[in-house]
Amino acid sequence: MASTLFDKIWNKHAVKSIPQGPSVLYIDKHFIHEVTSPQAFSGIEKRGLKVFRPKQVVATVDHNVPTIDQHLPIKEKLSRVQVQTIKENCVKHGIEFYGLDHPYQGIVHIIGPELGITQPGMTIVCGDSHTSTHGAFGTIAFGIGTSEVEMVFASQCLLQIKPKQMRININGTLNRGVVSKDIILYIISKITSGGATGHFVEFAGSVIRNLSMEARMTICNMSIEMGAKGGMIAPDKTTLDYLEGREFAPKGEEWKKKVQEWKQLKSDEDAVFDKELNIDAADIQPMITYGTNPGLGIAIDAMIPRTEAIADEGERRNLVKALEYMGLNAGQRLLGTPVQHVFIGSCTNSRIEDLRMVANVIKGKKKSDNVHVMIVPGSQQVAKQVYAEGLDKIFTEAGFEIRQPGCSACLGMNEDKIPAGEYCVSTSNRNFEGRQGAGARTLLASPLTAAAAALTGVVTDVRELMRSVIYGEGEE
Amino acid sequence: MEKINIIHSTFCPLQIENIDTDQIIPARFLKATTKDGFGKNLFRDWRYENDDETKPKAGFILNQPQYQGQILVAGKNFGCGSSREHAAWSLLDFGFKVIVSSHFADIFKSNALNNGVIPVQVSEPFLKKIFQFSHDATLTINLREQTITIDATGEYELFDINNYKKNCLLNGYDDIDYLISVKDEIEAFENRY
């Protein structure tokens with residue numbers, strides 16, 4: 001029978017199936033961070049267990065960490081305790097730990113791929129919903145809760161009911177100024193923030209094939225924002241070129257063997273999906289969100305929908321509530337709206353290509369006086385690259401504040417927060433109420449659109465600034 | 001885990017869609033290293049003005065004393081967003097044992113089940129019907145029969161739950177108990193993997 005990419009990986013990892021119940025799914029790699037792991041460690045300890053396969057666990061700290069003065073002790077007590085706790089737990093259980101003083105530290109979904117830990121065909125979990133990022137390599141990767149972290153600690157397995165499957169094909173030619181963040185924001189705006197619930201999504205089509213690995217990661221990263229269990233892309237030459245030579249990627253004969261294996265990782269021609277969606281790249285414009293879930297997005301020059309145009313009572317009520325929180329009006333355009341903050345970072349858009357894209361737009365220019373700009377490389381490795389390429393000079397001269405690696409202002413958990421009532425154009429993944437700080441108003445957009453807002457201090461169509469230069473991404 | 005079968009209670013209606021886990025428990029409260037005490041920060045920023053516990057927002061349902069009970073009824077796509085299990089812990093700690101909605105986000109659903117909180121998914125019309133009842137109305141959830149009933153009228157709907165998960169809840173077992181029991185098979189799998 002024809003199988004999908006998902007089926008092939010799932011079947012290889014199914015230890016057994018419970019009749020009328022879930023399967024025992026074997027997990028190859030388990031990433032952990034400081035926020036969702038402590039209760040899982042105490043859970044297994046209460047049961048008198050040790051971590052079953054510590055060599056398959058990789059730990060870092062990202063959510064809580066400050067993004068300045070990382071060499072100093074963490075000021076805030078609770079954050080300090082959490083960071084200390086994961087360190088102690090890792091020592092106790094023999095788990096590789098990339099703490100703040102380690103050159104491999106960074107946002108967990110940035111470091112897995114860049115170190116070559118994430119490899120095609122794997123099953124990968126982490127107590128973090130953006131684990132879907134790793135699907136860009138042709139893996140089954142998904143976020144789990146802390147009880148499930150405990151299960152993987154205890155058995156290297158999870159009980160999972162096989163999800164339904166969806167394929168989203170994106171074909172055609174991308175418009176100028178449109179990058180992978182716009183593609184995924186467009187898709188979510190079409191199918192809503194719950195539109196893929198219960199499904200694992202494979203992204204396919206010529207547009208995806210032409211994207212770089214980093215651009216693909218942005219797309220898979222946000223598949224959770226449409227409710228998907230995870231997102232994935234079949235591995236190809238781009239994947240292999242990215243992986244080869246990375247720290248933990250297989251080497252020599254082992255590499256050759258693996259490459260042969262990975263070449264089988266694609267959906268069969270006649271594989272059937274529960275749902276299939278086709279998207280014409282020409283329909284996608286640079287995107288921005290106006291509401292309080294990632295599905296409430298529009299083309300940068302479009303109007304916010306009129307509430308009376310929405311038939312469903314619940315959705316209408318939601319939109320009214322969202323616009324009230326955002327301080328915006330139905331029917332208005334966002335272009336020209338003053339913003340006080342620009343945040344460039346997060347597991348969605350803090351890789352080197354994202355930062356290069358920003359540098360291209362702002363090179364030799366200065367940010368608007370009215371806006372505070374934070375640019376936060378996703379990992380120590382990305383930060384190192386920023387300095388090696390001299391991008392730091394471009395950012396500093398533009399008046400951007402370069403911070404140290406971490407989740408930063410994506411989630412209002414560490415010191416980096418957006419004040420109540422103020423607007424932030426953010427390259428992160430969630431515009432929920434209070435996500436970037438209580439009362440903060442988030443406008444999600446691509447690194448290009450964020451860079452444009454940084455220069456002008458208002459929501460800006462980056463194509464107006466680009467003129468003849470094309471700042472694409474993923475051109476091989 | 002505690003055994004669960006029948007829950008009979010008044011309910012708190014929260015007629016809002018797409019309630020994400022950042023609303024259920026904002027990230028700044030995720031710094032604990034234990035599972036206790038999250039209930040006091042449940043829906044923190046919807047419950048209080050300016051994060052001030054002495055200034056409850058009168059309009060918010062959990063601040064209205066007439067609304068009590070072990071059941072939270074919410075609009076569709078409940079629990080979307082972050083995977084934080086703290087959302088399930090805070091609902092449970094506050095006293096909710098059942099969440100009723102017409103659509104649940106996947107990770108939240110697993111987290112709820114793993115903590116003995118039952119996500120009861122009903123049809124959109126049935127949800128609308130529940131919202132029409134006032135604070136003294138009660139609902140009965142019968143897990144064994146997989147039914148949710150509006151007691152005042154006897155109207156009921158069947159809800160879906162995986163058979164394995166249902167048995168876990170009825171018997172108070174959790175997934176870890178099961179996974180540990182099949183460790184030999186997991187090791188055998190590793191050897192042929």
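## Ground rules

This is a predicted model, so local features need pLDDT of at least 70 and side-chain atom pairs count only at pLDDT 80 or more, while totals for chains, interfaces and linings use all residues. Residues are numbered from 1 along each chain as its sequence is written, chains are lettered from A and ligands numbered from 1 in the order in which they are written, and side-chain values use heavy atoms, with hydrogens and water left out.

## Where A meets B

Chain A puts 68 residues into the contact and chain B puts in 54, with contact meaning heavy atoms within 4.5 Å. The area buried between the two chains is about 5,000 Å², and carbon and sulfur atoms give 54% of that. Buried area here is the accessible area (1.4 Å probe) that two parts lose on being put together, summed over both.

There are eight salt bridges between chain B and chain A, each a side-chain nitrogen of Lys or Arg within 4 Å of a carboxyl oxygen of Asp or Glu. One of them joins E185(B) to K16(A), at 3.3 Å from N to O.

On the chain B side, the elements giving two or more residues include α1 (21-24), α3 (86-94) and α8 (183-192). Helices are DSSP runs (H or I, at least four residues), numbered from the N terminus. The largest share, seven residues, comes from α8(B).

## Helix α6 of chain A

Helix α6(A) covers residues 180-191, and its 12 residues should span 16 Å at 1.5 Å a residue; the end C-alpha atoms are 17 Å apart, which agrees. That expected span is 1.5 Å times one less than the number of residues.

Of those 12 residues, 10 are buried, so α6(A) is largely enclosed by the rest of the structure. Buried means under 20% relative accessible area (1.4 Å probe, protein chains only). Among the buried ones are K181(A), D182(A) and Y186(A).

## A tucked-in threonine

T4(A) sits in the segment before α1 (5-13) of chain A. With 1% relative accessibility, T4(A) counts as buried. A polar atom of its side chain lies 2.9 Å from the backbone nitrogen of D7(A). Leaving aside neighbours within four places in sequence, T4(A) is in contact with Q165(A), S267(A), A271(A), V272(A) and F273(A).

Notes. Buried means under 20% relative accessible area, exposed over 50%, partly exposed in between (1.4 Å probe, protein chains only). A polar contact is a pair of N or O atoms within 3.5 Å; within protein, one must be able to donate a hydrogen and the other to accept it, and residues adjacent in sequence count only if both atoms are side-chain atoms.
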